[in-house]
Structure formats: C-alpha cells, structure tokens
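The following exercises concern the structure shown below. Each task is followed by a solution in steps.

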Amino acid sequence: TYDIVLANINRNILLAFMGDMRRLLLPGGILLLSGIMPADEAAILASAQAQGFDLQTKLDKDNWLAMQFIAG
C-alpha cells in the first residue's frame with residue numbers, strides 16, 4: 001500500500017482502475033488525478049466517491065483538470 005498514487009491518463013483508464021487505486025492507498029492516502037477533460041469531471045467524481053474518496057482540491061487550466069482526493 002502507498003501514501004500517494006498519481007495518475008495522468010484518460011477517463012476510461014481512470015474509471016476502470018478507480019477500485020484498484022483505492023486498494024493501493026492507505027486510509028488518508030492521497031490520490032492525484034490529472035489529464036481530465038472538464039466533460040469527464042462528473043463521471044470521475046462519482047466513481048471516486050463510490051470508492052470512498054473525498055474530493056479535496058480541483059484545479060482547472062487550459063481546459064484540463066487535476067483533482068486531489070483523500071482515501072476514506
């Protein structure tokens with residue numbers, strides 16, 4: 001298990017591996033996701049919350065998003 005997991009990849013991969021990323025993180029661990037298109041934000045957020053992640057921070061730059069979650 002890890003304290004931090006970082007993934008900079010497309011929506012389909014993030015959604016497919018959200019459960020695996022949760023299993024890899026210690027409680028209170030940080031999940032950093034980037035390379036997210038704004039249109040995919042709702043799907044990523046719903047999937048992360050379903051796995052027990054809490055959104056901490058969201059950054060938006062040049063039509064790309066980065067999201068930071070904490071593992072519950």
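**Exercise 1.** Determine how H1 and H2 are oriented relative to each other, and which residues form their contact.

*Solution.* Step 1: Two packed helices are described by the angle between their axes and the distance between the axes. Step 2: In this predicted model, local features need pLDDT of at least 70, side-chain atom pairs count only at pLDDT 80 or more, and totals for chains, interfaces and linings use all residues. Residues are numbered from 1 along each chain as its sequence is written, and side-chain values use heavy atoms, with hydrogens and water left out. Step 3: Helices (H or I, at least four residues) and strands (E, at least two) are DSSP runs, numbered from the N terminus. Axes are lines fitted to C-alpha atoms, for helices over the stretch in contact, and angles run from 0 to 180 degrees between N-to-C directions. Step 4: The axes of H1 and H2 lie 10 Å apart and form an angle of about 10°. Step 5: H1 contributes Arg11, Leu14, Leu15 and Met18 to the contact, and H2 contributes Ala43, Ile44, Ser47 and Ala48; contact means heavy atoms within 4.5 Å. Of these residues, six are nonpolar, one is polar and one is charged. Here Ala, Val, Leu, Ile, Met, Phe, Trp, Tyr, Cys and Pro count as nonpolar, Asp, Glu, Lys and Arg as charged, and the others, Gly among them, as polar.

**Exercise 2.** State whether Ser47 and Ala16 are buried or exposed.

*Solution.* Step 1: Buried means under 20% relative accessible area, exposed over 50%, and partly exposed in between (1.4 Å probe, protein chains only). Step 2: Ser47, in helix H2, has a relative accessibility of 17% and so counts as buried. Beyond its neighbours within four places in sequence, Ser47 is in contact with Leu15 and Met18. Step 3: Ala16 belongs to helix H1; because its relative accessible area is 55%, Ala16 is exposed.

**Exercise 3.** Describe the order and pairing of the strands in the sheet.

*Solution.* Step 1: Two strands pair if DSSP finds at least two bridges between them. Step 2: The four strands form an open sheet with mixed pairing, in the order S1-S2-S4-S3. Step 3: S1 and S2 run parallel, joined by six bridges, and Leu6 has Leu32 in S2 as its bridge partner. Step 4: S2 and S4 run antiparallel through six bridges, with Leu32 opposite Gln68 in S4. Step 5: S3 and S4 are antiparallel over eight bridges.

**Exercise 4.** Identify which residues have the most contacts inside the largest nonpolar core.

*Solution.* Step 1: A nonpolar core is a set of buried Ala, Val, Leu, Ile, Met, Phe, Trp, Tyr and Cys residues joined through side-chain atoms within 4.5 Å. Step 2: The largest such core has 16 residues, and Met18, Met21, Leu31, Leu33 and Phe53 have the most contacts inside it. Step 3: At least two residues of this core come from each of S1, H1, S2, H2 and S4.
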